Amino acid sequence: MKRLFFAVLTIMCSTAAHAEKIKAPIHIGIGVAQTSNVALFGEEQVNGAKVAEAVFNAKGGINGTHFKLVYQDTGGDEAGAINAFQNLINRDKVVGIVGPTLSQQAFSADPIANRAKVPVLAPSNTAKGIPQIGEYIGRVSAPIAFIAPFAVKYALQENPKIKKVAILYAQNDAYSTSETGTFQESVKKQGLEIVTTQKFQTTDSDFTTQVTAVLGAKVDLAVISGLAADGGNLVKQLRQMGYKGLIVGGNGFNTANVFPVCGKYCEDLIVAQAYSPAVVDTNPVNKEFVTEFRKKHKKDPPQFAAQAFTAVQIYVEALKKVEANTKNKITQLDLATVRTELNKAIRTGSYRTPLGEISLDKEGEINQKSFYVSRIKMEPNGKSGKFLNVK
Ligand code: 1QQ
């Protein structure tokens with residue numbers, strides 16, 4: 001009898017703990033890389049998320065309840081991402097997470113959020129298979145299989161004489177291996193010949209072996225899938241050792257932080273993008289984002305900042321839907337309920353965002369309409385530059 005009493009008491013206590021109401025401000029987790037080489041991307045993500053926090057809280061947050069972004073640094077590897085996600089879920093009690101920075105990290109950290117029934121919106125995970133990690137995993141970063149072919153097609157328009165292609169990729173990174181698969185298919189579809197395939201590691205800084213092979217193969221196009229630090233150095237060494245052909249870089253080059261890495265040798269690099277800061281006349285949300293971002297950073301927002309902004313925006317709008325659907329203020333609901341209701345709400349309707357009008361399907365995959373191709377144009381100082389929209 002006594003034992004039964006304690007058992008019942010324990011159950012009651014634990015339900016009470018679970019039924020704990022959410023306190024204002026509502027916590028939204030940002031689990032991206034703030035240290036390591038991966039912070040070259042993470043820094044831009046933090047900048048974009050912060051602009052979203054200011055913009056949407058100034059408009060009253062979630063129907064008058066403010067929200068607060070809570071940051072946990074993932075660093076550049078899997079262990080760091082797992083740790084950050086656990087802290088956000090258990091300690092910071094976030095309603096959902098924006099992160100991690102790399103697909104490589106997502107395949108390890110996302111299953112933890114999924115098991116805990118905490119929604120994840122990936123701001124920059126483009127590898128094949130991300131939304132399929134689980135029911136709670138979605139992304140606002142379009143799959144690279146969709147984006148990469150645009151860059152190859154553009155290269156061929158620029159130089160219709162291209163015949164021979166070199167493929168280079170970071171073999172220890174999930175996004176890079178996923179992207180190179182798409183690049184290779186796309187190159188073959190265009191009737192081009194891959195004459196050399198070179199692998200490297202994201203930790204490499206000396207690419208003499210790979211560059212020597214590319215030069216020996218006499219190619220007219222080099223297509224690189226890597227991250228900003230390694231990829232940027234590879235571009236620099238290709239040019240320094242005399243490669244003259246076109247270079248297509250993948251999503252890992254989609255940051256202004258690559259400019260100081262390859263310096264003047266970044267010039268003319270071709271990159272496909274899921275965002276353009278130039279589209280403001282037809283997109284008022286982007287106009288507001290670009291204006292606020294420029295005020296703070298004195299430059300146009302890059303793709304990773306726009307995607308992080310978008311992820312925060314979706315949380316805000318979906319939290320409003322949760323209030324409408326449950327006929328309750330978020331602060332009247334318990335955390336577990338908000339997390340599951342939020343995950344459902346994210347996947348309904350569409351959102352007008354800086355990336356254009358987007359939606360997430362049942363699986364959490366993004367539907368996005370507009371994509372761009374840019375070329376890097378460096379300033380004479382060889383340190384700063386910009387992405388010039390060419391398509
Ligand atoms: C991924 C990527 C990277 C380039 C993000 C920084 O696309 O890891 O999926």
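Which exposed residues does the face of helix 7 turned away from its buried side carry? Keep that in mind as you go through these points; remember that this is a predicted model.

1. Start with helix 7, residues 208-216, where Gln210, Val211 and Val214 are buried. Looking down the helix axis, you'd see these buried residues fall within an arc of 95°, so they line one face of the helix. As a bit of background, an α-helix has 3.6 residues a turn, so residues three or four places apart point the same way.

2. Now for the opening question: the face turned away from the buried side of helix 7 carries the exposed residues Thr209 and Gly216. As for the buried residues of helix 7, they pack against strand 6 (164-170), strand 7 (193-200) and helix 8 (228-240). After helix 7 comes Lys218, which has a positive phi, near 50°.

3. Next, have a look at Leu40 in helix 2 (residues 39-58). Its relative accessibility is 22%, so Leu40 counts as partly exposed. Leu40 and Leu227 sit 187 residues apart in sequence, yet their C-alpha atoms are 9.2 Å apart in space.

4. On to the aromatics: the whole structure has ten aromatic pairs. In one of them, the ring centres of Phe200 and Phe207 are 5.4 Å apart and the planes are at 90°, so this pair is edge-to-face. Both Phe200 and Phe207 are buried.

5. Finally, check helix 10 (residues 284-297), where Phe289 and Phe293 are four residues apart, about one helical turn. Ring pairs also link these two into a cluster with Phe56, Tyr275 and Phe309.

Terms used
Residues are numbered from 1 along each chain as its sequence is written. This is a predicted model: local features need pLDDT of at least 70, side-chain atom pairs count only at pLDDT 80 or more; totals for chains, interfaces and linings use all residues. Side-chain values use heavy atoms; hydrogens and water are left out. Buried means under 20% relative accessible area, exposed over 50%, partly exposed in between (1.4 Å probe, protein chains only). Helices (H or I, at least four residues) and strands (E, at least two) are DSSP runs, numbered from the N terminus. The arc is that of the directions from the helix axis to the C-beta atoms. Contact means heavy atoms within 4.5 Å. Rings of Phe, Tyr and Trp (its six-membered ring) pair if their centres lie within 6.5 Å; planes under 30 degrees apart count as stacked, over 60 as edge-to-face and the rest as tilted.
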